[in-house]
Amino acid sequence: MKDFIHKMPKAELHLHIEGTLEPEMMFELAKRNGITLSYKSIDEIKAAYDFDHLQAFLDLYYQGMVVLKTEQDFFDLTWAYLEKCAEQNIIYVELFFDPQAHMERDIEFDVVLNGIHSAIVKAKESLGVEAKIIISILRHLDENSAQVVLDLAIVNQNKIIGIGLDSSEKGNPPEKFEQVYKRAQLNGFFLVAHAGEEGDSSYVSGALHKLCVQRIDHGNNALQDQSLLNELKNKQIALTLCPLSNKRLKVVEDLTLHPLKQMYEMGLKVTINSDDPAYFGGYLNENYQAIHDSLGLQKEDLIQVSRNAFEASFLNAEQKQRYLNQLLDYESQSI
């Protein structure tokens with residue numbers, strides 16, 4: 001199964017580029033930028049990756065980010081991830097970055113965006129990996145701050161396809177950002193939001209009905225509301241589930257309890273993603289393998305989940321079909 005997963009063409013729709021910062025690169029960039037880390041070794045950083053809830057992870061996540069300062073840093077970070085995509089046969093990605101987390105550190109928006117975008121351009125040419133950018137609003141900050149970021153996104157709409165919402169979920173419901181999402185929609189951005197990871201099903205409903213999102217990031221707790229599940233199924237709203245992330249953050253105690261299989265069997269449009277792979281113990285292939293090992297999804301199921309991701313992407317119909325044809329060819333040769 002490992003070889004089957006490795007060779008299968010895949011798309012990833014829930015990936016935070018800052019969450020691909022491996023400890024080795026963290027030390028390398030700290031040295032480059034003259035930053036003293038609070039960790040003395042790579043092993044010490046890895047030992048800190050033992051989270052018992054989302055906020056514990058976020059505290060470390062934002063701390064690690066301080067090593068990212070220059071356009072070259074963001075290029076190197078993104079390039080390393082896209083090389084990993086090429087290794088794992090991930091042929092299409094829609095990735096997040098958190099502008100406010102960098103702007104709060106006096107790192108200009110363009111520095112971050114241009115570094116990431118340059119790596120994406122190079123990867124398409126030399127690695128055969130295509131990627132698009134979605135900016136994520138930090139929900140623990142206020143909507144005025146989000147509007148400033150949207151202004152910058154509008155100016156750079158040739159490089160940014162969508163708007164997302166992440167960070168501390170509880171106490172920061174989707175409704176808090178209703179106005180910024182309305183303006184983003186009017187300006188033609190695709191809309192997604194993290195919901196139902198630590199927040200209850202009302203956060204998923206709020207994202208759907210108040211923010212008018214086209215995809216739900218996570219969405220685990222939608223299982224609390226049958227009418228919501230019916231709506232997600234009928235509208236084929238994709239859920240970008242993140243198994244290893246959920247395990248590491250104690251969203252589920254064990255992957256045998258992960259809701260992905262239950263949702264899949266209900267007919268929901270589930271996808272598998274890695275979220276913040278440097279922190280959660282695995283990139284996309286490792287997440288697929290973990291789901292196979294824990295929930296027993298077989299080859300034809302994993303093909304369908306991969307198909308879901310391409311179908312739920314924000315590519316146009318012709319572009320989607322091109323990738324789906326690659327998956328179909330692989331399926332006909334492998335099953």
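A residue is called buried when its relative accessible area is under 20%, exposed when it is over 50%, and partly exposed in between (1.4 Å probe, protein chains only). Helices (H or I, at least four residues) and strands (E, at least two) are DSSP runs, numbered from the N terminus.

The model is predicted: local features need pLDDT of at least 70, side-chain atom pairs count only at pLDDT 80 or more, and totals for chains, interfaces and linings use all residues. Residues are numbered from 1 along each chain as its sequence is written, and side-chain values use heavy atoms, with hydrogens and water left out.

**Exercise 1.** Determine which residues of α10 are buried and what covers them.

*Solution.* Begin with the residues: S201, Y203, V204, S205, G206, A207 and L208 are buried in α10. Next, consider the cover, taking contact as heavy atoms within 4.5 Å; it includes β5 (190-195), β6 (215-218) and α11 (226-235). Finally, seven of the nine residues of α10 (residues 201-209) are buried, so the helix is largely enclosed by the rest of the structure.

**Exercise 2.** Describe the sheet and the place of β4 in it.

*Solution.* Two strands pair if DSSP finds at least two bridges between them. Eight strands form an open sheet with parallel pairing, in the order β1-β2-β3-β4-β5-β6-β7-β8. Its edge strands, β1 (10-16) and β8 (270-272), each pair on one side only.

Within the sheet, β3 (residues 130-138) and β4 (residues 162-166) run parallel and are joined by five bridges. I137 has L165 of β4 as its bridge partner, and I134 has G162 of β4.

As to burial, five of the five residues of β4 are buried. G162, G164 and D166 lie on one side and I163 and L165 on the other, and both faces are covered.

**Exercise 3.** Characterise the packing of α8 against α9.

*Solution.* Axes are lines fitted to C-alpha atoms, for helices over the stretch in contact, and angles run from 0 to 180 degrees between N-to-C directions. The axes of α8 (residues 143-155) and α9 (residues 178-186) are 9 Å apart, at an angle of about 15 degrees. Therefore α8 is roughly parallel to α9, since angles under 35 degrees count as roughly parallel, over 145 as roughly antiparallel, 65 to 115 as roughly perpendicular and the rest as oblique.

The contact is then assigned to E143, A146, Q147, L150, D151 and I154 of α8 and to E178, Q179, V180, R183 and A184 of α9.
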